[in-house]
Amino acid sequence: MIELYVLNELAAFPKYGTLTAVAEKMNVSQPALSRSMKKLEDDLGVQLFERGKNRIVLNENGKIAAEYAQKVIEAEAVFEKKVKEYEQTHRIFSFASIAPMPISELTPILSQQFLGMTIKHELKDSEKELYKMLDSGKSKLIVTLAPPKNTEKYAAVKLFEENLSFVMPKNHRLAGRKEISLKDLAGEKIFIYSKIGFWYRTTKRLIPNVEFFDQQKYSAFKKLVEVADLPSFATKFSDERWTLPQNKVRVPITDPEVNVTYWCVCLKKNENQLAAAFSQIRAIYGE
């Protein structure tokens, strides 16, 4: 039986040419490479190389053999990829979201609907990237900020709304307002949890001259909001995670870009697979 590593070595000869170069690129010694090529010839019963003093090169048989070796290597890569894709399809349910809260809300629903499967998720800040993941099969479900335009290709169900507020000390210049816009926050220094999907880029884009103090860990962000005077952001889901400090107030932000409705989207051909999950989402959040 011919080992795959031997075919890799043979396939390297057309590209690198000499025994010395192939041995260097394949990270093997020249004597070991020479022996494996001689054994390959013996196993095939065909001479593949022309040998001279301190030099071997492929003959015509060897050139053809190297071409077929490359095809075998490529076929092996496809084999491995397809097997892993099958495993992922049948053992792993992957979904991706534009924001973190849908991940928290959907994970227990999907775990209940797809018993025995591992639920994996990714957070992205681009809907374009989300649709690429859905179309390629990398994700079975995505969470977007709008329903899909192509209703022949995609199916969707409304998830829930999330609205951004500004959390600030009671002596802040905006603390007495009933509502504010992001432009009102121009020049502010703000604590922000950086792993929040689209929220980060949107707020930074719409607030003039803002300075964010990023926090990578939610526990650290939460503690800083509780003890420091700098303002931050929150939604109704933040209230469920921790109580607003007594020295802080929150004011709703009016910009439509941060008052959003999430949508669960799947490929139309997979709608039946997700029918039970979509029904549960409708029952919990309404549509």
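**Salt bridges and loops in a predicted model**

Student: How exposed is K138?

Tutor: K138 is partly exposed, with a relative accessible area of 43%, where buried means under 20% relative accessible area, exposed means over 50%, and partly exposed lies in between (1.4 Å probe, protein chains only). This is a predicted model, in which local features need pLDDT of at least 70 and side-chain atom pairs count only at pLDDT 80 or more, while totals for chains, interfaces and linings use all residues. Residues are numbered from 1 along each chain as its sequence is written, and side-chain values use heavy atoms, with hydrogens and water left out.

Student: Ok, and which residue does K138 form a salt bridge with?

Tutor: K138 pairs with E122, and their closest N and O atoms are 3.9 Å apart; a salt bridge here is a side-chain nitrogen of Lys or Arg within 4 Å of a carboxyl oxygen of Asp or Glu. E122 lies in strand β4 (residues 118–123) and K138 in the loop between α6 (127–136) and β5 (141–144), so the pair ties together parts that are 16 residues apart in sequence. Salt bridges that share partners also join E122, K124, E129 and K138 into one network. Helices (H or I, at least four residues) and strands (E, at least two) are DSSP runs, numbered from the N terminus.

Student: How many salt bridges are there by this rule?

Tutor: The count comes to 12 salt bridges. One of them links E41 and R51, at 2.7 Å from N to O. E41 is in helix α3 and R51 in strand β1, so this pair ties together parts that are 10 residues apart in sequence.

Student: Is E41 buried or exposed?

Tutor: E41 counts as buried, at 6% relative accessibility, whereas R51 counts as partly exposed, at 39%.

Student: What about E60, which residue does it pair with?

Tutor: E60 forms a salt bridge with K63, with the closest N and O atoms 3.3 Å apart. Both residues lie in helix α4 (residues 60–91), three residues apart, which is about one turn of the helix.

Student: New topic: what is the phi of N27?

Tutor: N27 has a positive phi of about 60°, although this residue is not a glycine. Most residues other than glycine have a negative phi. N27 sits in the loop between α2 (19–25) and α3, and N27 is exposed, with a relative accessible area of 71%.

Student: And where is N209?

Tutor: N209 is in the loop between α7 (198–206) and β9 (211–215), and its phi is also positive, near 55°.
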